[in-house]
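Thanks for coming. I will take one chain today and go through it region by region, so please have the display open.

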Amino acid sequence: VYTDPLGDIYVVKADQLTKFKSSGALFRVYSNKNLGKITTVDAANPLKIIVFYRDFSRIVFLDNTVTDNGEPLKLEEFGMEQASLVCWSYDNGIWIYDPIRFSLTRLNQQLKIQNEILNLNQILGFALQPSWMIEADNYLFINTPDKGILQFDVFGTYMRTIPIKGIEKFDVSGESIIYTDQEERLHLYQIQTFGEDT
């Protein structure tokens, strides 16, 4: 389940994406049988929704009516056929993580490489095995369950590791990282003050 800034809800099941309005009313269903199962959805920009198909190394862009907005982006054209994570970035850019090259790449609005950080494992001092990536409030956050949440600036420069371990996904709202633990307790971690409410 994913949400956008307007409160609309996106539910993924296999190759099908169902959009519900914030009222809970069913809006529309999208499916592309040719690309397999949907890996992730990023609706940070509700007018240009990213749908990532990891098995086929494709990104599909949908508009606010959940309709294809052009041809799928083929990541192999950028040498990233094994990309594992994709998320929105500021000014309609896209972050892509490639586990083969341990690289973090930002494509700009024209889908040209703007920033590329190679050999992240050397920069960090450990092999990165991330499960989730999101940009929020001028920071990029990458979750590595056994190490914590890595915080980068919008240019891909590593800043610090936030000591939240053992989770798969999270969200960022304002100054808080929101996540659930294995006991299904909801946590709000304050990014600036390091305080935490459960």
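Leaving aside its neighbours within four places in sequence, which residues is Phe141 in contact with? The list is Trp132, Met133, Ile134, Ala136, Ile149, Leu150, Gln151, Ile162, Phe170, Val172, Ile177 and Ile191. Contact here means heavy atoms within 4.5 Å.

Before going on, a word on the source. This is a predicted model, in which local features need pLDDT of at least 70 and side-chain atom pairs count only at pLDDT 80 or more, while totals for chains, interfaces and linings use all residues. Residues are numbered from 1 along each chain as its sequence is written, and side-chain values use heavy atoms, with hydrogens and water left out.

Now the chain as a whole. The chain has 1 helix and 20 strands. Both are DSSP runs numbered from the N terminus: helices are H or I with at least four residues, strands are E with at least two. The radius of gyration is 17 Å, close to the 16 Å that the globule rule gives for 198 residues, so the chain is as compact as a globular protein of that length. That radius is taken over C-alpha atoms, and the rule is 2.2 Å times the number of residues to the power 0.38. Along the principal axes, the C-alpha atoms fill a box of roughly 40 × 40 × 30 Å.

Of the 198 residues, 44% are buried. Buried means under 20% relative accessible area, exposed means over 50%, and partly exposed is in between, with a 1.4 Å probe and protein chains only. Among contacts with a separation of 6 or more, 29% are between residues 24 or more positions apart.

Back to the interior. In soluble globular proteins, nonpolar side chains tend to be buried together. In this model the largest nonpolar core has 28 residues, and Leu17, Val51, Phe141, Phe170 and Ile177 touch the most other members. Two or more residues of this core come from each of strand E6 (49-53), strand E7 (58-62), strand E13 (132-136) and strand E18 (176-180). A second, separate core holds 15 residues, including Leu85, Tyr97, Leu120 and Met133. By nonpolar core I mean a set of buried Ala, Val, Leu, Ile, Met, Phe, Trp, Tyr and Cys residues joined through side-chain atoms within 4.5 Å.

Next, the sheets. Two strands count as paired if DSSP finds at least two bridges between them. Strand E2 (residues 9-13) and strand E3 (residues 16-20) run antiparallel and are joined by 5 bridges. In that pair, Ile9 stands opposite Phe20 in E3.

Another open sheet, also antiparallel in its pairing, has 4 strands in the order E5-E6-E7-E8. Its edges are strand E5 (40-42) and strand E8 (73-74), each with a single partner strand, so one side of each is left without a neighbour in the sheet. E7 and E8 pair over 2 bridges, and Ile59 stands opposite Leu73 in E8.

Let me turn to strand E14 (residues 139-144), where Tyr139 lies. Is Tyr139 buried or partly exposed? Its relative accessible area is 26%, so Tyr139 is partly exposed. Beyond its neighbours within four places in sequence, Tyr139 is in contact with Ile134, Gln151, Phe152, Asp153, Val154 and Met159.

Phe152 from that list also forms an aromatic pair. The rings of Phe152 and Tyr158 have centres 5.7 Å apart and planes at 65 degrees, so the pair is edge-to-face. The rule pairs rings of Phe, Tyr and Trp (its six-membered ring) with centres within 6.5 Å; planes under 30 degrees apart count as stacked, over 60 as edge-to-face, and the rest as tilted. Phe152 is buried at 0% relative accessible area, whereas Tyr158 is partly exposed at 29%.

Last, two backbone details. Phe102 is not a glycine, but has a positive phi of about 50 degrees. Phe102 lies in the loop between strand E10 (93-98) and strand E11 (103-107). Leu111 also has a positive phi, near 60 degrees, and is found in the loop between E11 and strand E12 (113-117).
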